[in-house]
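Dear colleague,

Please find below the structure that I am handing over to you. My notes on it follow directly after.

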Amino acid sequence: MEVKVAIQGIKGSFHHQVAQEYFGEKVEVEECLSFDELVDSILSGKAEQAVMAIENSIAGPIIPNYALIDKNNLHIIGEHYLRIHQNLMALEGQKMEDITEVHSHPMALLQCMEFLKKYPAIKLVEDKDTAETARRIQENEIKGIAAIASKTAAKMYGLTILAPEIQTINHNMTRFVILKKQNSFVSKEEINRASLKFELDHKRGSLAAVLNVLSDCKMNLTKIQSLPKIETPWKYSFFVDVTFDKYEDYAKAKSLLEIMAEYLKVLGEYKNSKPLL
């Protein structure tokens, strides 16, 4: 039986590409036009797993998604990195001088700002999804508007690429996490990355002490992100990712964090899949 996977966006989106690369070309997807809808699809049982973008090498972390994973008690069971290649596309027969507006996801627009600055007269319009924008242009035969999306979307929806590879930085990579409602237990021999959330006393040096413990236990801190606790003014939750060579070192660090932190939650323990640059 095929696994049904929720993606943010529609077929032809970068989330769809990740789902195909991670689960196989024939993966069955549940299309969701927002991350909230994606989470709901897992919680309701419409999908068994989900693909969620969590950070980009240019634009940084997608902070609300950390909160969504935590709030809904989802489990990170894996990760996948995708090199992002953005392309400007429009209806067949359109030329660059015909374009008055460019529509795309705000992250895609941000990743292509150097190119877009060359055309100050063109209006930039944020949209929910890159591929959905491309599909809408094709279905409604909209002239004068271009989309920024993948080559897969251009091919799938029959659009002409006016400008290929317009991302500002060629080494543009997005990290996606694979989510489940229930935890999938990976063998300790395979686990070499963990995502954690912790809360600390509002005392001087408390965060520094935790970071020292992680270093002493041979943890490589790859990400740290703070989010304010809405119900407690001036108090923050910290989301961290660590990689390590030995599970025993990680287990030691986790046991010490349980003592030092007011609250500790494991969001996921899984295999590090970051490619070599």
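Leu256, Ile259 and Met260 together make up a nonpolar surface patch with about 270 Å² of accessible area. Patches of this kind join nonpolar side chains (Val, Leu, Ile, Met, Phe, Trp, Tyr) within 5 Å, taken from residues with over 30% relative accessible area and no salt bridge, a salt bridge being a side-chain nitrogen of Lys or Arg within 4 Å of a carboxyl oxygen of Asp or Glu. Areas follow the Shrake-Rupley method with a 1.4 Å probe. Methionine 260 belongs to helix α9 (residues 247–260); helices are DSSP runs of H or I with at least four residues, strands runs of E with at least two. Because its relative accessibility is 34%, methionine 260 counts as partly exposed (buried is under 20%, exposed over 50%, partly exposed in between).

The model is predicted: local features need pLDDT of at least 70 and side-chain atom pairs pLDDT 80 or more, while totals for chains, interfaces and linings use all residues. Residues are numbered from 1 along each chain as its sequence is written, and side-chain values use heavy atoms, without hydrogens and water.

**Isoleucine 62**

Isoleucine 62 sits in the loop between β4 (60–61) and α3 (63–71). With a relative accessible area of 16%, isoleucine 62 is buried. Beyond its neighbours within four places in sequence, isoleucine 62 contacts Ala53, Ile54, Glu55 and Met107 (contact: heavy atoms within 4.5 Å).

**Sheet**

An open sheet of mixed pairing has five strands in the order β8-β7-β9-β6-β10; two strands pair if DSSP finds at least two bridges between them.

Yours sincerely

How values were computed
Patch = residues over 30% accessible without salt bridge, like charges linked within 9 Å, V, L, I, M, F, W, Y side chains within 5 Å. Buried < 20%, exposed > 50% of the residue type's maximum accessible area, 1.4 Å probe, protein only.
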